[in-house]
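Please read the briefing below alongside the sequence and the model.

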Amino acid sequence: MKRVVHAACPHDCPDACGVLITIEDGRATRIQGDPEHPVTRGFLCAKVAKYLDRVYSPDRVLYPMRRVKAKGAGSKIVERRASSPGQAIAQPNEAFERISWDEALDEITHRLRRIIVEYGCESILPYSYGGTLGALNGASMDRRFFHRLGASQLERSICSSAGEEGLKSVIGIKLGTEPEQFAHSRYIIAWGSNIHGNNVHLWPFIEEARRQGAKLVVIDPYRTRTAKLADWYLPINPGTDAALALGLMHVIISENLFDHDYVSRYTIGFEELKARAQQYPPEEVAQWTGISADDIRKLAREYATERPSVIRVNYGIQRSERGGMSMRAVTMLPCLIGSWKDLGGGLQLSLSGSYGLNREALEMPELMQKALGRPARIVNMVRLGSVLNSLTAPPIQALFVYNSNPAAVCPNHNEVVRGLMRPDLFTVVHEQFFTDTTDYADIVLPATTFFEHKDLQTAYGHYYLQVSNQAMDPVGECRSNVEMFRALAERMGFEDDCFRETVDSMIDRALQSPNPWLKGITRDRLEREHCIRLNFTTPNGVGTGASPVQAERSSAAFLPFAQGNFPTPSGKAEFYSETLKHQGLDPVVAFTPPDESRRGSGSKAAGFPLELLARKPDNHLNSSFANLPSVRKMEPWIGDLEMHPNDAEARGVRDGDHVRAFNSRGEIVLRARVDGAVPPGVVAARLDWARFSPGGGNINVLTSEKLTDMGNAATFYSVSVEVEPFRA
Ligand SMILES: Nc1nc2c(c(=O)[nH]1)N[C@H]1C(S)=C(S)[C@@H](COP(=O)(O)OP(=O)(O)OC[C@H]3O[C@@H](n4cnc5c(=O)[nH]c(N)nc54)[C@H](O)[C@@H]3O)O[C@H]1N2
Ligand SMILES: Nc1nc2c(c(=O)[nH]1)N[C@H]1C(S)=C(S)[C@@H](COP(=O)(O)OP(=O)(O)OC[C@H]3O[C@@H](n4cnc5c(=O)[nH]c(N)nc54)[C@H](O)[C@@H]3O)O[C@H]1N2
Ligand code: SF4
Ligand SMILES: [Mo]
């Protein structure tokens with residue numbers, strides 16, 4: 001029997017594609033994009049188009065497993081077998097023996113109970129991030145479980161929190177220009193945003209705009225696919241975006257190109273901003289950013305006058321020491337020129353603030369009270385290395401990993417591994433694959449893919465909610481995150497009703513929220529219609545729907561800030577923020593170069609004159625997909641260090657040579673690729689699994705635990721290194 005099931009891609013990607021899965025006799029035989037999804041419109045990225053390879057990979061974890069060899073032995077088995085470094089290799093499951101779910105759950109609960117008696121509940125640390133962004137499997141039963149247990153709470157700041165704080169400090173909420181409106185733009189700036197690689201479903205709307213004469217400008221230190229396709233590419237020195245934005249505001253204000261009416265009605269702090277921007281004339285900004293004063297003036301004039309103009313800023317600029325301030329500065333631009341009023345104007349970072357699901361009902365933080373009588377301690381995920389090695393009172397004695405692969409993605413890799421190797425640390429990993437992290441697990445539990453469970457799917461790059469239906473039975477003995485934590489709660493003896501709640505009931509309750517934009521959207525409708533746009537017709541306390549004029553031009557347009565309505569403390573876009581002032585931060589915005597950079601003053605930069613961009617792969621998703629041979633083939637840069645010819649020549653390095661990249665935290669061996677991708681002084685390499693890298697360490701050996709100025713986020717793009725030829 002053949003049927004087609006509607007699902008939604010839950011990977012950590014702005015697009016949240018509508019997906020159709022064909023099932024024949026219980027087996028998935030085809031995956032395709034849902035042509036009816038208004039934004040993702042029937043195509044999938046190259047990696048998810050090959051998803052059957054993932055679901056039916058011979059490397060899937062199929063059963064609960066117990067480690068029988070030394071911690072870390074899995075990666076050694078792989079290394080020994082690796083005939084050529086570019087090849088993905090079979091699972092290192094020889095380090096494990098199969099056990100039953102009963103045995104696994106018994107062993108876990110037994111160990112956790114003992115650890116609680118000896119060290120207290122907060123010696124247990126959950127560790128999860130973006131494996132699935134499904135509303136339930138991303139954060140629901142797991143949170144209930146750890147709240148009820150009284151475990152330490154994880155501050156999930158490895159990705160976006162600096163940018164979010166920067167954005168919210170100006171406009172109050174994670175909302176912005178919807179992708180469909182980019183088709184109406186005449187001037188599009190991709191600012192630290194690799195659209196073609198990381199957000200490909202925005203691209204057709206940009207192409208549509210360009211067919212009608214729009215100009216695409218890319219601001220990025222790395223010549224991405226998007227940059228190569230741009231009308232104007234501006235390579236910028238890493239970490240200097242706040243200077244550029246201030247330089248643009250300098251020109252826009254001094255040449256009187258800003259929107260007086262919008263500024264006076266809907267913003268506060270213009271005088272303070274004006275005074276600050278005066279300190280950033282283009283000539284000075286040019287020295288920081290590497291972009292000429294003429295280009296800065298031209299960009300400012302075009303951006304302010306070629307309307308509608310829109311900025312797609314992504315998370316690239318905020319993975320820098322002062323990423324919060326960078327994002328704050330860029331967010332001020334559409335408020336200054338009033339482009340929020342225009343169809344096809346404004347700015348997009350993340351749109352996820354629109355969904356407003358009832359997260360309290362899903363996560364039930366009140367259960368912490370029951371366990372501890374107070375909120376549990378908070379531990380920052382970026383600092384996992386230090387946390388495992390030196391946190392006390394209590395130390396971490398149990399680590400429970402799901403939806404994440406910290407032994408690949410976490411900064412300061414060597415310290416992370418040192419911590420994971422601790423003989424007294426009890427580690428559980430719930431995974432689809434034997435990853436870098438499972439190598440250190442005492443127990444590995446098998447996890448379903450989105451083909452094998454049901455979920456509710458939001459997005460951070462569009463405004464359509466979806467239900468992702470279960471298409472097939474789980475392979476092997478896999479269980480979803482929801483079902484695994486449900487079983488564990490039962491085994492721990494937690495009798496609260498919430499641990500027995502069905503998936504459908506959880507979806508229903510998630511949709512019962514005070515957010516008016518969810519009005520009329522029910523599970524039943526989602527199951528029938530697959531994909532429903534948020535209900536923006538009613539204005540509300542947070543933002544408004546389209547103004548009458550705009551509504552005429554496009555009945556569906558959503559212009560959240562056309563008439564102000566910024567949900568900030570002042571109700572206006574804040575060029576001046578009292579809140580930041582209270583936090584000891586600059587209430588306006590200023591530029592300071594990253595300490596760890598050529599222009600910085602930090603000691604970490606001394607002796608390491610190159611700035612490393614520890615980048616994402618274009619065709620994998622962080623560490624996900626890197627183990628699948630068919631996907632890995634599409635990413636020929638893996639294992640390369642991209643260098644400018646000047647920097648290579650100065651070090652006696654030729655294209656194709658092996659080089660040693662190092663700093664105070666460690667070293668790795670890569671192959672030099674002397675191409676035109678990076679400007680002088682900058683080098684770039686891509687994230688890969690540690691075990692596929694010679695020596696067993698990936699680029700996160702070189703990245704640091706230093707946190708950003710706002711949001712306590714990771715600083716993957718503020719890394720100083722030196723490079724020399726590698727002599728074996
Ligand atoms: N193919 C693919 N898609 C993905 C992912 C993936 O790994 N692969 N990851 C997903 C995830 S988790 C996320 S968070 C999103 C992120 O998507 P993006 O926000 O686009 O993330 P990045 O690739 O980190 O950064 C974007 C660009 O910023 C540039 N950049 C770095 N430093 C600076 C700087 O100081 N200034 C400026 N102007 N630019 C800078 C980088 O060179 C990069 O090209 O993508 C998601 N989609
Ligand atoms: N050097 C460097 N490091 C980076 C970045 C970078 O740009 N450069 N990017 C950072 C960013 S932006 C992010 S968001 C993080 C991402 O870090 P992670 O969120 O850890 O992302 P992934 O590498 O995709 O690993 C997710 C894991 O979850 C598993 N998984 C998928 N679905 C499920 C499920 O339903 N249940 C369970 N139990 N497991 C599941 C997958 O198999 C995969 O191994 O990486 C960060 N690390
Ligand atoms: S990873 Fe992104 S682009 Fe690819 S299918 Fe999933 S949502 Fe779509
Ligand atoms: Mo991310």
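The points that follow are grouped by topic.

This is a predicted model, in which local features need pLDDT of at least 70, side-chain atom pairs count only at pLDDT 80 or more, and totals for chains, interfaces and linings use all residues. Residues are numbered from 1 along each chain as its sequence is written, chains are lettered from A and ligands numbered from 1 in the order in which they are written, and side-chain values use heavy atoms, with hydrogens and water left out.

**Ligand 1**

- Around ligand 1 there are 33 residues, of which the closest are Asp220, Tyr315, Arg615, Asp618 and His620; a residue is taken as near a molecule if one of its heavy atoms lies within 4 Å of it.
- By class, this shell around ligand 1 holds 14 nonpolar, 11 polar and eight charged residues, where Ala, Val, Leu, Ile, Met, Phe, Trp, Tyr, Cys and Pro count as nonpolar, Asp, Glu, Lys and Arg as charged, and the others, Gly among them, as polar.
- At least two residues of the shell around ligand 1 come from each of α8 (195–198) and β22 (610–615), with helices (H or I, at least four residues) and strands (E, at least two) being DSSP runs numbered from the N terminus.
- A polar backbone atom of Gly197 is 2.9 Å from a nitrogen atom of ligand 1, while an oxygen atom of ligand 1 lies 2.9 Å from a polar side-chain atom of Asn198.
- An oxygen atom of ligand 1 also lies 2.6 Å from a backbone N or O atom of Tyr315; a polar contact is a pair of N or O atoms within 3.5 Å, and within protein one must be able to donate a hydrogen and the other to accept it, while residues adjacent in sequence count only if both atoms are side-chain atoms.
- Of the 900 Å² of accessible area that ligand 1 has on its own, the protein covers 99%, the areas coming from the Shrake-Rupley method with a 1.4 Å probe and, for residues, only the protein chains shown counting as cover.

**Ligand 2**

- Ligand 2 is surrounded by 33 residues, and the closest are Ser404, Glu431, Ala614, Ser623 and Ser624.
- The shell around ligand 2 divides into 12 nonpolar, 16 polar and five charged residues.
- An oxygen atom of ligand 2 lies 2.4 Å from a polar side-chain atom of Glu431, and an N or O atom in the side chain of Lys616 is 2.9 Å from a nitrogen atom of the ligand.
- The protein covers 98% of the 920 Å² of accessible area that ligand 2 has on its own.

**Tyr355**

- Tyr355 sits in the loop between β13 (346–348) and α17 (359–363), and with a relative accessible area of 2% it is buried, a word that means under 20%, with exposed over 50% and partly exposed in between (1.4 Å probe, protein chains only).
- Not counting residues up to four places away in sequence, Tyr355 has contacts (heavy atoms within 4.5 Å) that include Thr458, Ala459, His462 and Leu534.
- The C-alpha atoms of Tyr355 and Ala459 are 8.4 Å apart in space, although the two are 104 residues apart in sequence.
- The side chain of Tyr355 reaches the backbone oxygen of His462 at 2.7 Å.

**His644**

- His644 lies in the loop between β23 (640–643) and α28 (645–650) and is buried at 17% relative accessibility.
- A polar atom of the His644 side chain lies 3.0 Å from the backbone nitrogen of Asn646.
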